[in-house]
Amino acid sequence: METPDTSSLRLADMLAGPQDGPLAGRDIALVIFDCDGVLVDSEPISERVLLAALEEAGVAVDHAYFKAHFLGRSFPRVAQSIRDDFRIALPATFESDYRERLLLAFEAELKPVAGVFDVLDRLAVRACVATSSSPPRVRRSLQLAGLDSYFGEAVFTASQVARGKPAPDLFLHAAAECGIAPERCLVIEDSLPGLEAARAAQMAVWHFIGGSHLDAEDAAPGEPPLPVFDRWDAFFKMAPQLARETGGRAAGQGS
């Protein structure tokens with residue numbers, strides 16, 4: 001059966017005015033961005049480095065397993081999946097060695113997702129980052145991509161909460177730190193755990209599948225269906241009320 005272009009299909013249904021678009025009835029004051037696969041095109045690099053490290057440790061994992069069990073999750077949850085499914089204890093230095101290799105690869109290869117600067121420059125409301133990545137990783141990722149100045153101190157990680165995605169804790173923490181009620185937040189996520197976490201937090205959530213690790217077949221299932229888009233230039237077509245009339249940008253907390 002032919003797979004429809006889910007992103008374009010749903011986008012066509014959402015190109016409407018602010019009164020009847022995907023944010024109808026919501027007064028959005030904060031956009032919460034995931035980092036990997038949303039702001040920076042890091043997931044293919046992460047997958048390559050992690051799978052190589054796992055192979056050295058005697059664990060063979062393919063792309064499908066990576067997407068199903070690792071994408072959008074913190075490293076402790078990744079390590080737990082490996083212990084549960086492969087009955088193997090990773091070496092004590094595995095995590096630190098992997099993170100060191102990954103940051104070296106980022107230094108050489110990491111790029112921002114195309115079009116994200118235009119959105120951040122025109123965004124009329126506040127923005128922050130909420131990610132499963134470690135603090136050093138997200139900090140360096142934003143720096144390498146030239147995105148760090150957009151968020152200042154408004155960068156939150158799973159290390160700050162008891163439960164990472166798919167629990168709502170991280171998004172609720174980010175909203176609280178920014179002083180914004182959950183119902184006034186819009187989350188942009190690429191992973192299924194992140195989408196589940198945003199829904200559990202009672203926030204508006206859109207599925208971004210514009211990273212090079214995803215395509216239309218990865219559009220999240222579920223009812224009601226989530227807004228899905230694969231290009232940042234669609235963002236203000238879906239939410240024109242979030243765009244600034246003139247130049248400049250809304251500051252992230254602490255910027």
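Predicted model: local features only at pLDDT ≥ 70, side-chain atom pairs only at ≥ 80, totals over all residues.
Residues are numbered from 1 along each chain as its sequence is written, and side-chain values use heavy atoms, with hydrogens and water left out.

The chain exposes about 11600 Å², and carbon and sulfur atoms supply 50% of that (areas come from the Shrake-Rupley method with a 1.4 Å probe; for residues, only the protein chains shown count as cover). Of the 255 residues, 51% count as buried, meaning under 20% relative accessible area, with exposed over 50% and partly exposed in between.

**Stop one: helix 4**

Select residues 75-86. Show side chains for Phe75, Val78, Ala79, Ser81 and Ile82, which are buried. Looking down the axis, you will see the buried residues of helix 4 fall within an arc of 155°, so they line one face of the helix (the arc is that of the directions from the helix axis to the C-beta atoms). They pack against helix 2 (43-56), helix 3 (63-69) and helix 5 (94-109), a contact being heavy atoms within 4.5 Å. Step past the end of helix 4 to Arg87, whose phi is positive, near 55°.

**Stop two: salt bridges**

The structure holds 11 salt bridges, each a side-chain nitrogen of Lys or Arg within 4 Å of a carboxyl oxygen of Asp or Glu.

- Pick Arg184 and Asp27, whose closest N and O atoms are 2.9 Å apart. Arg184 sits in the loop between helix 8 (169-178) and strand 4 (185-189) and Asp27 in the loop between helix 1 (6-14) and strand 1 (30-33), so the pair ties together parts 157 residues apart in sequence.
- Move to Glu95 and Arg99, paired at 2.8 Å, N to O. Both lie in helix 5, 4 residues apart, about one turn of the helix.
- Next, select Asp169 and Arg163, with closest N and O atoms 2.8 Å apart. Asp169 is buried at 18% relative accessible area, whereas Arg163 is partly exposed at 48%.
- Finish with Asp34, Lys165 and Glu189, linked in a network of salt bridges.

Technical notes. Buried < 20%, exposed > 50% of the residue type's maximum accessible area, 1.4 Å probe, protein only. Helix = DSSP H or I, 4+ residues; strand = E, 2+ residues; numbered from the N terminus.
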